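Work through these exercises with the model open beside you. Try each task before you read its solution.

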Amino acid sequence: MTTDTAPEVLRVETPEEFRTMPEEYQELATHQMMVHTEGELSGADDYLQIFFPIAPSAYERKVCCERAAEEVDHYMIGAAVLKDLGIDTDYMLHQKLMERGLYASPAIHKIKTWPQRALFSYLGEDAVLDHIREMAQSSYRPWADSFDKVIKDELVHVGHGRRIVRELIRTPEGSAEVQATLDRMWPFILSLFGSDKSTRSPQYLRWGLRQKTNAQARADFVARVVPELRRIGLTVPGPAA
């Protein structure tokens with residue numbers, strides 16, 4: 001396929017067909033795949049370097065290690081798709097967490113408390129899961145087809161965060177701490193959907209690499225999670241409440 005305009009329904013089935021696509025498509029798709037693949041590897045480091053040291057029990061430390069192993073699996077899945085396009089991501093393995101800039105999220109690296117860690121997995125990883133579900137419908141089919149295990153694993157990650165939050169809010173003190181943490185973290189959670197002024201966002205839609213704008217994805221997330229938070233006795237700050 002060599003046209004410079006995106007058809008209404010686009011399917012790029014193989015690496016060979018990918019290489020015949022317009023430069024814009026190749027650049028956008030490659031950037032998306034690189035960002036996600038690096039992010040999965042950084043997710044493993046987050047679990048080991050940020051969350052493991054603050055875990056309150058041996059069991060929770062074990063779970064952090066399990067989650068980290070899954071994130072490395074996800075990196076390997078993304079790396080394999082990129083390798084088929086001739087792109088080597090091995091250099092990412094030799095970078096320190098703070099050296100990776102494609103999926104930089106300094107707010108995660110500032111997590112210091114167990115309620116922060118719980119809310120990040122419950123809400124932050126759920127926000128990322130929304131992005132992953134979009135990529136699972138990508139017009140580049142080898143990329144779309146790589147997400148079955150990733151989605152299953154990430155659902156477990158979100159469920160783990162939800163479970164910790166429910167445990168913490170069983171007491172009035174814990175509920176107050178979680179609510180105060182949510183008040184501080186909510187803007188960060190929403191920021192995971194990117195800027196409404198993003199120039200890439202409409203281009204991703206045009207080429208079938210995403211299905212929603214950043215604003216649409218954020219609004220859908222808010223509409224879904226705010227009622228759930230209310231049901232367990234938590235509220236979000238600002239207009240989204």
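**Exercise 1. Determine the handedness of the crossing between H5 and H8, then the angle class of the pair.**

Solution. Step one: handedness. H5 passes H8 in a right-handed crossing. A crossing is left-handed if the near helix is turned anticlockwise from the far one by less than a right angle, and right-handed if clockwise.

Step two: the angle. The axes of H5 and H8 come within 10 Å and cross at roughly 40°. Axes are lines fitted to C-alpha atoms, for helices over the stretch in contact, and angles run from 0 to 180 degrees between N-to-C directions.

Step three: the class. H5 and H8 are therefore oblique to each other. Angles under 35 degrees count as roughly parallel, over 145 as roughly antiparallel, 65 to 115 as roughly perpendicular and the rest as oblique.

Step four: the residues. H5 makes the contact through Pro 115, Gln 116, Leu 119, Phe 120, Leu 123, Gly 124 and Ala 127. H8 answers with Glu 177, Val 178, Thr 181, Leu 182, Met 185, Trp 186, Phe 188 and Ile 189. Contact means heavy atoms within 4.5 Å.

Some ground rules apply throughout. The model is predicted: local features need pLDDT of at least 70, side-chain atom pairs count only at pLDDT 80 or more, and totals for chains, interfaces and linings use all residues. Residues are numbered from 1 along each chain as its sequence is written, and side-chain values use heavy atoms, with hydrogens and water left out. Helices (H or I, at least four residues) are DSSP runs, numbered from the N terminus.

**Exercise 2. Is Gln 116 buried or exposed, and which residues does Gln 116 contact?**

Solution. Start with its place: Gln 116 lies in helix H5. Its relative accessible area is 15%, so Gln 116 is buried. The cut-offs: buried means under 20% relative accessible area, exposed over 50%, partly exposed in between (1.4 Å probe, protein chains only). Next, the contacts. Setting aside neighbours within four places in sequence, Gln 116 meets Lys 110, Ile 111, Thr 181 and Met 185. Now check a distance. Gln 116 and Glu 177 are 61 residues apart in sequence, yet 9.7 Å apart in space, C-alpha to C-alpha.

**Exercise 3. Classify the pair H2 and H5 by angle.**

Solution. H2 and H5 pack at about 165°, with their axes 13 Å apart. That makes H2 roughly antiparallel to H5. Their crossing is left-handed. On the H2 side, Gln 32, His 36, Glu 40, Tyr 47 and Phe 51 take part. They meet Trp 114, Arg 117, Phe 120, Ser 121, Glu 125, Ile 132 and Met 135 in H5.

**Exercise 4. Classify the pair H5 and H10 by angle, then describe H10.**

Solution. First the pair. The axes of H5 and H10 come within 11 Å and cross at roughly 140°. H5 and H10 are therefore oblique to each other. The crossing is right-handed. H5 contributes Tyr 122, Leu 123, Asp 126, Ala 127, Asp 130 and Glu 134. H10 contributes Ala 217, Phe 221, Arg 224, Val 225, Glu 228 and Leu 229.

Then the helix. H10 has 18 residues and reaches 26 Å from its first C-alpha to its last. That is close to the expected 26 Å, where the expected span is 1.5 Å times one less than the number of residues. Its buried residues include Asn 214, Arg 218 and Phe 221. The buried residues of H10 pack against H5, H7, H8 and helix H9 (200-206). Just after H10, Gly 233 takes a positive phi of about 95°.

**Exercise 5. Which residues have the most contacts inside the largest nonpolar core?**

Solution. Define the term: a nonpolar core is a set of buried Ala, Val, Leu, Ile, Met, Phe, Trp, Tyr and Cys residues joined through side-chain atoms within 4.5 Å. The largest one has 65 residues. Those with the most contacts inside it are Tyr 25, Met 33, Leu 123, Tyr 140, Val 165, Trp 186 and Phe 221. H2 (23-51), H3 (58-83), H5 (114-135), H7 (148-168), H8 (172-191) and H10 (214-231) each supply at least two residues of this core. Finish with Tyr 140. Not counting residues up to four places away in sequence, Tyr 140 touches Val 12, Thr 14, Pro 15, Phe 18, Tyr 25, Met 33, Val 81 and Leu 85.
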